[in-house]
Amino acid sequence: MKVSVIISYHNEKIFINECLDSLEEQIYRDFEAIVVCDHIDGEAMEELRGRQVSFPMTIVELSEGSGVAAARNAGIRASQGEFILFLDCDDYLEKTALDFMIRRSDGQDIVYGRKRGTWYSRKAYYENLQKQEEINDAEAEEEEDDDETQIDRTMPEVRESDSEWIKVFCHIVRYGSMITGLSVLGVLFRREYILENNVFFEEGYKYYSDLPYIVHAMCGTEKVFEVRKILYHKRYHNDPINMPALSQVSDEKTRIMEIMRAYLTIKEYVKEHEDDRAEIAVDGKFIRYYVKKIARFYVTANAKDSQEVYSEASKCLPLVREEAKKRAMLYSRRLMKRSMKRDTTAIAKMVRKHSALQTFRRVVTKKSECKKYLYRKIFTKMKLKEDLVIIESFFGRNYSDNPKYIFEYLNKAYPGRYKYVWILNKKEKLPYPATRIKRFSVRYFYYMGRAKYFVFNVRQPKYIQKREGTVFLETWHGTPLKRLAFDMEDNASASPFYRRYKRDIYAQTRLWDYMIAPNQFSLDVFRSCFMFDGEMLSTGYPRNDILHLEEESKAAMTAEIKKELGIPEGKKVILYAPTFRDDEYYDHAQYKFALQLDLDLLRKELGDEYVVLLRTHYFIVDSLDLTAYEGFAFNGSTYNDIARLYLISDILITDYSSVFFDFANLRRPMLFFTYDLEKYRDILHGFYIDVEEELPGPMLFTTEEIVDSIRNLPEVVDKYKEKYDVFYEKYCGWEDGNASKKVVEAVFGK
């Protein structure tokens, strides 16, 4: 039995290949693909026509109309299979999907399959299959919390005696959190049934043509079978700024109007079927949508839009069955009753009151919400402190990095002019007077609300507001090797906080006034990856100023640091500074670390001449137990200033951490321990540079290779000298020991 897989395509070039790849892997081979191109550009069409596939693929260009509904209708008309399956070009199927559904299609007009939302590419998804099980449907996550429980009490019970149509219909309506959860994706339709019953998409819909289509199709037959196995992966777009999915387009009024139009159509379909339970199921979902979306729209919309939406809603509200209302929550019942009186002002007032009550409950029951409330409603309304500078490095973990050196130069250049607040989660000695506060304390929110100047080296919390007159200096914390933010096609991190990664970054970077660039390469990358349009400071990094001290000063500081760390006199230092792996984590910004370097072998082969200093990434929370290597291996992970560790290190070993860009200022040997290069480059991140061509040192994959390179260090240095010179000029050419001065004069000198 042949299946026609209909794919609507509208310039989503970064997704279409993975969609077709999932068809290549289908174990059921009797299928054709029909790709309907919705006015795509010439480059996308050329790439599609050049795509080699092992199955029949027909390309249809949409000449009349546009949109998903029109594309799917064109696909239906071009199809030749006994069955039809709709597949969006940004989604993909399990390799058993077609086989599993066809085996259950005997005697059925519709085989209703399950889908699951994911933020990952196929490669990243299968790499993290176990973790993917923990990801919930994004639509449910996007909804705001309120008194409505996730258990939908509006749903009718399904009895054993019910027809198969009612069983499946009520179950799939229950499965979605709102009426918008109904979908044709991953559903197998018998083509003859579709054509005989004239089941086509209504092309007047932009967002929700699925809703009336699936109900129309199901109401016309009892031959419906539900598959509860996940076979279809609905991929959400992680770049809603540059490439939003339809679900991410901000068009609330149109969405609401379409839902109400779809509701009226659906009611006609289920009434014709003459089954109260189906109608009550739909009404229950409409009540939830009305409470969650439509009634709240009256609060935010202008008077004209509010009245227009309510005029359409007034056609829907009288049709809602009393049985469905009785099953709803108390607030929903009251709101529906008020809504029948045709007074949008009264409805908006009720919604505001309910929302205020919810806010009050959150504020009085959660300390974190209480502090945010004080920040929004009180602290940001107080007078700005014109001389107050608030400083944070690595989420308040320590006194370090670029903010440290800017703080110290400010005190030297402008003594007494500013007052300083350092966000520090532990007690640390500071060389100049400053107020210390803990991150997320009440004092933290107070000062965040009143400071004029902000100096950070990471992104600020997304609820922080930009007050008029404030100045935000983003120093960042490294030259980027790994692709960042908007330059990443996919985010392999399994942390749920990264689901809105690019959307959050876009909002956060709009608050930055200045950003520091250590070289031209970084300046160009920061412009791109953060979509940053503020003032870029071409100064080099302040933290690298000490790497350009006079040799006598360097020697004195080196002796001081070695003594501080307890490193034996006469021993050379190997600094090992690996980065984190996105797919190895405990929680948001809390990553695991498994040491791949064989310390036993290093000690055996090099222990007479060298010691090893380990420095893990600030995201890594695992503690290193080095008690078995006392006198040979030292833990520098909690040492505040990595630039000072560079000074005492004779050799750097790293992987994909940006530390080597800074270390290169010293022109000392570097080795690259890239044991998982293919996975890190091709799945987890991707690189900005061609590491095989540009790295100023050998790429090594075992500890044995590292030992051999260190034993033959003069030969390694000589081999990579030319590359090192080119690398130094490109990435360290702006560094001259005066970055702190240049930054302070640019931001504070005005």
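I began with the surface of the chain. Its accessible surface comes to about 32700 Å², and 47% of that belongs to carbon and sulfur atoms. I note that this is a predicted model.

Next I looked up burial. The chain has 750 residues, and 58% of them count as buried. I then checked sequence separation. Taking contacts between residues at least 6 apart in sequence, I find that 75% join residues at least 24 apart. For secondary structure I list 31 helices and 23 strands.

I turned to the open sheet. Eight strands make it up, in the order S3-S2-S1-S4-S7-S6-S8-S5, and the pairing is mixed. Which strands stand at the edges? They are S3 (57-61) and S5 (92-93). Each has a single partner strand, so one side of each is left without a neighbour in the sheet. Helix H1 (residues 13-24) packs on this sheet. I see H1 touching S1 (3-9), S2 (31-37), S3, S4 (83-88), S5 and S8 (224-235). The direction of H1 makes about 170 degrees with that of S1.

S6 (residues 110-118) and S7 (residues 187-190) run antiparallel, joined by three bridges. Tyr112 stands opposite Val187 in S7.

Last, I went to strand S12 (residues 451-456). Is S12 mostly covered or uncovered? It is mostly covered, with six of its six residues buried. Five bridges join S12 to S9 (residues 385-392), and the two run parallel. There I find Ile391 opposite Val455 in S12. S12 also runs parallel to S13 (residues 471-474), through four bridges. Here Tyr453 stands opposite Val471 in S13.

How values were computed:
Residues are numbered from 1 along each chain as its sequence is written. This is a predicted model: local features need pLDDT of at least 70, side-chain atom pairs count only at pLDDT 80 or more; totals for chains, interfaces and linings use all residues. Side-chain values use heavy atoms; hydrogens and water are left out. Two strands pair if DSSP finds at least two bridges between them. Contact means heavy atoms within 4.5 Å. Axes are lines fitted to C-alpha atoms, for helices over the stretch in contact, and angles run from 0 to 180 degrees between N-to-C directions. Buried means under 20% relative accessible area, exposed over 50%, partly exposed in between (1.4 Å probe, protein chains only). Accessible areas come from the Shrake-Rupley method with a 1.4 Å probe; for residues, only the protein chains shown count as cover.
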